[in-house]
Amino acid sequence: TTTTAAPTTTTTVPFDPATLRPPAPASDPVALAEQIAAAEATIRPPGVAAPDLASAGLAQQVAYRQLGDHPEWDAAVLAGLPPELQPIAATHAAARRDLRALTGSPSTEMPAWRIQAPAPAADLVAWYHEAEAASGVPWQYLAAINLVETGIGRIHGLSTAGAQGPMQFLPSTWEIYGEGDIEDPHAAVLGAGRLLAANGAPGDMEAALFSYNHDNRYVRAVSRYAELIAEHPGAYAGFHSWGIWYWTTVGDIYLPI
């Protein structure tokens, strides 16, 4: 009699970012500096595993949102960070505060949005570079607009002004600069490059961004995020893991995929 061991199989469950939930924000400046430093230490090295990167990106977002809401913590938080991270954190906080001010006031109602997974980071970066080659607009600005407008395509729904798609075009503007489907991320990125180039980019990025949204706070926030993406190769990977939050009268509400 010959006994043969039963074959074994190993099942690997794919990582699902939709299962992630944000960590709690640190409740004091010392702990917040530690939270920022830990997230950045995971995001910035090359070759980070997808689950670790996704978790760190969401923790990074939570931490910088908290810092943005507590300007009185700035000095203590920055003092608790390594010197190389201090200007990074200050830029994040300034961008967050501009966007909070741009929003104006918290909402009493939730928006009619569906939150979806973004296109893969590698695909998006390829499309940003394609748009840069065609229009001359630095790809970091296109990525920053995509981040600010819809969380890199996570938000599927109309803005209060009726803009739509991952780069938030008004249908009338899309008729001028768009080609194809306004909801298609590839087409939307290329359309954004054409719009910006027609309004001064790359020579005058401030004017080009102002044409996208007529508010200097928007211009500053997008420029700061573009600067952060340009500063470090891993920065965009962190942003790609950021989630969607909605500011309401009962506080910030996280909207999962």
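Biologist: How many cavities of 30 Å³ or more does the structure hold?

Modeller: The model is a predicted one. A cavity here is a space where a 1.4 Å probe fits but cannot get out. With the cut-off at 30 Å³ or more, the number of cavities in the structure is two.

Biologist: Which elements give two or more residues to the lining of the largest cavity?

Modeller: The largest cavity has a volume of about 80 Å³. Its lining includes E40, I43 and R44, together with I88, H92, L228, E231, A235 and F239. The elements that supply two or more lining residues are α1 (29–43), α4 (86–103), α10 (216–231) and α11 (235–240).

Biologist: How many nonpolar, polar and charged residues are in the lining of the largest cavity?

Modeller: Among the lining residues are Q60, H232 and G234, as well as E40, R44 and E231. Gly counts as polar in this classification, while Glu and Arg count as charged. By class, the lining of the largest cavity has five nonpolar, four polar and three charged residues.

Biologist: Which element gives the most to the lining of the second largest cavity?

Modeller: The second largest cavity holds about 30 Å³ of space, and Q61, Y64, R65, H92, R96, Y225 and W242 line this cavity. With three residues, the element that gives the most is α2.

Biologist: How many charged residues does the lining of the second largest cavity have?

Modeller: R65 and R96 are among the residues that line the second largest cavity, and Arg counts as charged. Beside three nonpolar and two polar residues, the number of charged residues in this lining is two.

Terms used
Residues numbered from 1 in each chain as written. Predicted model: local features only at pLDDT ≥ 70, side-chain atom pairs only at ≥ 80, totals over all residues. Heavy atoms only, no water. 1 Å grid on protein atoms, 1.4 Å probe; cavity = no way out; pocket = protein on both sides within 12 Å on 5 of 7 lines; lining within 4 Å. Points joined across faces, edges and corners; volume = space filled by probe spheres on them. Helix = DSSP H or I, 4+ residues; strand = E, 2+ residues; numbered from the N terminus.
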